[in-house]
Amino acid sequence: NELPARKGAPRSSFDVSIPQGIVWGLAGCISAFAAGVVSERARGTLDRLRLAPITRTHLLAGKGLACFIAALLVQGLLVALAVVAFGSNVAQPVMVAVACIASAFAFSGLAMLVAGIARTEAEANGAGRGAILILAMIGGGTIPLFFMPPFMRSLSNASPFRWTVTAIEGPFWRDTPLSEQWFPLMVLFV
């Protein structure tokens with residue numbers, strides 16, 4: 001006989017690994033878009049684009065919007081894969097969508113930050129990617145947050161990936177009350 005699923009507990013290992021997959025998908029989006037912007041700046045493509053009748057703000061907003069859409073697509077595909085292929089049951093679909101939007105917003109901003117800080121393609125690919133990987137690892141990308149020792153869990157608060165995992169796990173499989181879901185969403189939007 002199969003035991004009934006407990007409220008707030010993962011029903012399968014995929015419930016835990018899908019938020020981790022989202023972390024790595026978002027890390028890839030940040031790395032790709034940040035390196036792309038730095039590459040365009042280094043090769044003079046951005047200078048040529050600035051000759052168009054658009055402002056610099058419009059140009060960067062377009063790059064940020066593209067990263068936002070890519071991040072949403074990555075998250076949407078992984079959640080759909082969990083439901084269709086692995087039989088996951090999303091507890092609160094609307095809140096998962098809100099968490100995905102908040103994560104895409106946060107990480108498109110982070111990609112633009114990395115692109116603004118890095119001056120060369122080597123910096124974007126090396127230091128930028130290295131920092132993103134460390135943040136992803138301590139944020140729940142390698143070890144699920146609930147398996148981390150207390151000191152690691154405290155350290156993970158500095159990672160935006162931790163807040164993505166928390167924001168997605170809450171409505172995905174934990175069935176967290178709405179009153180507890182606002183904080184990780186606010187952290188991501190800020």
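Analyst: A residue is called buried when its relative accessible area is under 20%, exposed when the value is over 50%, and partly exposed in between. The model considered here is predicted, and it holds four salt bridges.

One of them joins Lys63 to Glu40, with 2.6 Å between the closest N and O atoms. This pair links distant parts of the chain, as Lys63 belongs to helix α3 (residues 56-84) and Glu40 to helix α1 (residues 13-43), 23 residues apart. Lys63 has a relative accessibility of 17% and therefore counts as buried. Glu40, at 22%, counts as partly exposed.

The side chain of Arg43 meets that of Glu121, at 3.9 Å from N to O. Glu121 is partly exposed, its relative accessible area being 29%, whereas Arg43 reaches 58% relative accessibility and so counts as exposed.

A further salt bridge is formed by Asp47 and Arg50, whose closest N and O atoms are 3.6 Å apart. Asp47 has a relative accessible area of 46% and is therefore partly exposed. Arg50, with a relative accessible area of 42%, is likewise partly exposed.

Note on methods
Residues numbered from 1 in each chain as written. Predicted model: local features only at pLDDT ≥ 70, side-chain atom pairs only at ≥ 80, totals over all residues. Heavy atoms only, no water. Helix = DSSP H or I, 4+ residues; strand = E, 2+ residues; numbered from the N terminus. Buried < 20%, exposed > 50% of the residue type's maximum accessible area, 1.4 Å probe, protein only.
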